[in-house]
Amino acid sequence: MSASDKKQQRKAEMADGLTQRQQKEQAEAQAAKRQKTIYTAVGVVCAVAAVALLVWNGLSTKDHGKDVAATVGGVDYTVADLQYYYVAARNSAYAQYQQFAAYGISMGYNPNVSEGEQWSNEAEGKTYADTFRENALSYLQQTAALCAAANAEGYTLSAEGQEAIDERLSQIDLICAQNGMTRGSYFAQVYGKGVTEKIFVRNLTNDMLASEFSEHHEEGISYDDAALEAYYDEHPDTLDSYDYRIFTVDGSVPASTDNEGNAVEATDEEKAAAMAQAKEKADEAVSKLEAASRSDREKTFIEIAPDYVAEAYKGAYAVESYSLQQQVLGSNLSSGDAAAGSWLMDPARRAGDVTAVETTTGYQVVLFLDRYLVDDPTVNVRHILIMADRPEDDPNTADVNESQGAPTQEAMDAAKAEAEALLEEWKAGEATAESFGALADEHSDDGGSRGNGGRYTYISKGDMVGVFNDWIFDPARQSGDTGLVCHNGEDADYYGWHVIYFEKSEEPAWKGTAIQAKQSTDQSEWLNNLTDAMEAVSADGMKYVGEVSNATPTPSASPAESAEPEESPAA
């Protein structure tokens, strides 16, 4: 569940507004966020599953596992230690490869080709194997620095951290059972023949401690109101909220098939013609809006929107509220209306301004309504959504989509019973925010928060659908309150029950955004200083870290073409 299903549907419609450059920047930003602290073994490092045995078997340290590969902070680390971080570096590159591939963008690294046989920087004669060795040393350096800082502060690994390590070892045992292996042969095959269980667990534990301590430090950074107000003065565009109306004129070529039913790719000429037609229609809409007085433009916008959107959305835009976006924080504009964001945030904007903004598949027509600072408090909650089953489609009535209809009362009662049972299960257990989150991750039908413990933070009034909004903003609400609310399709096209856990009242959304931004900046500076102070030097054994063959590779004139892997090297 998000601000509302109708908003998410409209935002999905707008998602194509991201340019290739913006898509790549978004992919890079997300990859950088994953790398901000370290690639912890319970994350990217330990993502290697059974398929890794098929794709990446054979890191060779058989005769050199005990050789010193690097000295960090005055401590010698062996080739076997560096193998752990080399695999982390390679897995992180693969994760980034997947992130870019999701946007149809090639990043250069090809997991189907040996990293020693493809350039990461041909001008410098550097292969991906060289890059992964460098990254492995950097990851180790950062881990060692964080562990040293944790030890100096008396910070120790949490029980949850140890449980995560134990769970990872249990996963490895499962992989071993499926492949007829022992733990020892697993570590040797995935990490290198010199990597033992003891070496793996030691580095995994340090990795986890470093990650936990980094997070602990960041969460401890706080700011007074004066600091946040000063930050606002420097970043008003991203901290102000915006009201506007928006619709998209579709500029894509309709899908077509040949006589055999195969999809036919549109030609460049057809794509250009479709975009030109969309621009003409968008310009026409803008002209109609500009012909109206500023005070009448919103009314005109509502009236004409259904005439310009794709057929599938005409009914939706006939509803007055569908095109309206309210209290959208500037920092969130890029998530749904990226192409219009910079125009909306222009300080010169005034009520009634209108424009048409090009996207990759059409044109957004945007009407600016207002800009302001929202100082109302927000709330943090967790929830579990249990959807009621819809009727199944009858193939004999192809003109009717029964699954879009309301569920039966029996289905609603079943959803309620499941929601009640989950709440009772939570009450019978530890009854904590964390245990509620565990149930949410396992049972919730809300893809937006499942995997994040069912958690939503800095929710403003009106962000959520009516019944949910009313419950969480009840003036009597206290931390730890739980409740059940029924959603019957009134505010959005879904039906079911919410199990809600109220965490706490929170700062205004703009302050939360400012805090997170400042914490991220200050944390990065702290981490960089901490890491830079930990001297890291490669030793002769570093040349044995990585692939089976450590000889100077002879790639072709350019790195191999990127291709989808036949087997995924990460789970």
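In what order do the three strands of the open sheet lie? The points below begin with that matter, after a word on conventions. This is a predicted model, in which local features need pLDDT of at least 70 and side-chain atom pairs count only at pLDDT 80 or more, while totals for chains, interfaces and linings use all residues. Residues are numbered from 1 along each chain as its sequence is written, and side-chain values use heavy atoms, with hydrogens and water left out.

1. The three strands form an open sheet in the order β2-β1-β13, with antiparallel pairing; helices (H or I, at least four residues) and strands (E, at least two) are DSSP runs, numbered from the N terminus, and two strands pair if DSSP finds at least two bridges between them. The edge strands, each pairing on one side only, are β2 and β13 (536–538). On average, neighbouring strands of this sheet are turned by 25 degrees against each other, direction ignored.

2. Strand β1 (residues 68–72) and strand β2 (residues 75–78) run antiparallel and are joined by four bridges. Val-68 has Thr-78 as its bridge partner in β2, and Thr-71 has Asp-76. The two strands form a hairpin with two residues between them, and Gly-73 in the turn has a positive phi of about 60 degrees.

3. Helix α5 (residues 128–153) lies across β1, β2 and β13 and runs at about 40 degrees to β1. Here, as below, axes are lines fitted to C-alpha atoms, for helices over the stretch in contact, and angles run from 0 to 180 degrees between N-to-C directions.

4. A second hairpin is formed by β7 and β8, with three residues between them. Five bridges join strand β7 (residues 354–358) to strand β8 (residues 362–372), and the two run antiparallel; Val-354 has Leu-367 as its bridge partner in β8.

5. The axes of helix α6 (residues 159–179) and helix α8 (residues 197–219) come within 10 Å and cross at roughly 140 degrees. That makes α6 oblique to α8, since angles under 35 degrees count as roughly parallel, over 145 as roughly antiparallel, 65 to 115 as roughly perpendicular and the rest as oblique. The contact (heavy atoms within 4.5 Å) is made by Gly-161, Ala-164, Ile-165, Arg-168, Leu-169 and Ile-172 of α6 and by Phe-200, Val-201, Leu-204, Thr-205, Met-208 and Glu-212 of α8.
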